[in-house]
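User: Hi! Could you walk me through this one while I have it open on my screen?
Analyst: Happy to, just ask away.

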Amino acid sequence: MKKFDRTGMYSDYEGAVYTNLFKRQRELPFGQKLQNHGLNHRMNEEFKKYFPTCEFIPILRNQKNNRYWFNENLLKVKINENEHNIAETVIQIIDAYVEAKRDSFEKFIQICKDAQRLTEVQVREFIKQMVAPNVDARILEIVSYSILKYYYNDRVIYWGYALDRLQQENLKLFKTGRTNANDGGIDFVMKPLGRFFQVTETVDVNKYFLDIDKIERYPITFVVKSLDSDSEIKSKIEAQARKLYSINAIVSQYMECIEEIINVPILIERFEQAVAKGYLSTILSEIIKQSRLEFN
């Protein structure tokens, strides 16, 4: 460490090399699959979302030589006319947060494993609790995938290139992204229909339309962490869109890309249908497997 918080010489620092930062972020807990967005765009955008009136952004970048700095203005605090640099304290807070998160996810996986010894009724209630609106979004993504995978599993379509040579195939749901990866990808893909699914905890029109734009306005099914009805959620998105764009043709083009909205009640209903087909223990096993994968 260069101790810039004590020397006050950070303004003369030549900046951090991108490859070193990228390597370091992937060494951190939950960082194995992180992409470059956090360094180049996402952190600044997330910061602006939560602190819209702040005149500073956290990450500064020189694109010519690809060097990076943290904005020291966000680390300097004045107390009784004395200025203090809180960089070291911030690192300690981040480390404590990471440990708390790691501990909570380890306990979550252990609770899931312990649930395998519960009665069928208890397991059903346990899984329902994991899709409640107050649950961590990453857990919702894992559980919703496990439920939908087996909800669609017995559904069959017939397809082919000639009417006399159709083939039968079950619908299969594949998890295509990682909850911690910030890879900008789509969460689930269904084969052979080619349906895309995205899990979200917000009803912010910008998030929905960004996901739609990522795949050139291809239809998407959104799994939403909300108790509002699917029609209410769609109405909220459309109302925001009309404020944002005001042009009917643009709004309609985006809204037509929302293939389906699966809210928490619909997800629970589909869970019950999958359980009725005998998939309860399989869904729980899938949750444990995906949790181990996500949280290493």
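User: Leaving aside neighbours within four places in sequence, what is Glu 238 in contact with?
Analyst: Glu 238 is in contact with Val 251 and Met 255, where contact means heavy atoms within 4.5 Å. This is a predicted model, so local features need pLDDT of at least 70 and side-chain atom pairs count only at pLDDT 80 or more, while totals for chains, interfaces and linings use all residues. Residues are numbered from 1 along each chain as its sequence is written, and side-chain values use heavy atoms, with hydrogens and water left out.

User: Switching to cores. Which residues have the most contacts inside the largest one?
Analyst: Ile 127, Met 130, Leu 148, Ile 283 and Ile 287, in a nonpolar core of 43 residues. Such a core is a set of buried Ala, Val, Leu, Ile, Met, Phe, Trp, Tyr and Cys residues joined through side-chain atoms within 4.5 Å. The elements giving two or more residues to this core include H4, H5, H6 and H11, and H6 gives the most, with 10 residues.

User: And what does Ile 127 touch?
Analyst: Not counting residues up to four places away in sequence, Ile 127 touches Val 143, Ile 147, Phe 271, Leu 280, Ile 283, Leu 284 and Ile 287. There is also a second, separate core of 18 residues, and Val 251 and Met 255 are among its members.

User: Back to H4: which of its residues are buried?
Analyst: Ala 87, Val 98, Lys 101, Phe 105, Phe 108, Ile 109, Cys 112 and Ala 115. Their cover includes helix H1 (4–7), strand S5 (82–85) and helix H11 (280–294).

User: How many salt bridges are there?
Analyst: The count comes to 23, taking a salt bridge as a side-chain nitrogen of Lys or Arg within 4 Å of a carboxyl oxygen of Asp or Glu. One of them pairs Lys 149 with Glu 286, with the closest N and O atoms 3.2 Å apart. Lys 149 is in helix H6 and Glu 286 in helix H11, so this pair ties together parts 137 residues apart in sequence.

User: Are Lys 149 and Glu 286 buried or exposed?
Analyst: Both Lys 149 and Glu 286 are buried. For another setting, look at Glu 27 and Lys 23, whose closest N and O atoms are 2.7 Å apart. Both lie in helix H2 (residues 18–27), four residues apart, about one turn of the helix. Glu 27 is partly exposed, at 45% relative accessible area, and Lys 23 is exposed, at 54%.

User: Nice. What about Asp 213, which residue does it form a salt bridge with?
Analyst: Asp 213 pairs with Arg 217, the closest N and O atoms being 3.3 Å apart. Separately, salt bridges that share partners join Glu 120, Arg 124, Glu 125, Lys 128 and Glu 272 into one network.

Note on methods
Buried means under 20% relative accessible area, exposed over 50%, partly exposed in between (1.4 Å probe, protein chains only).
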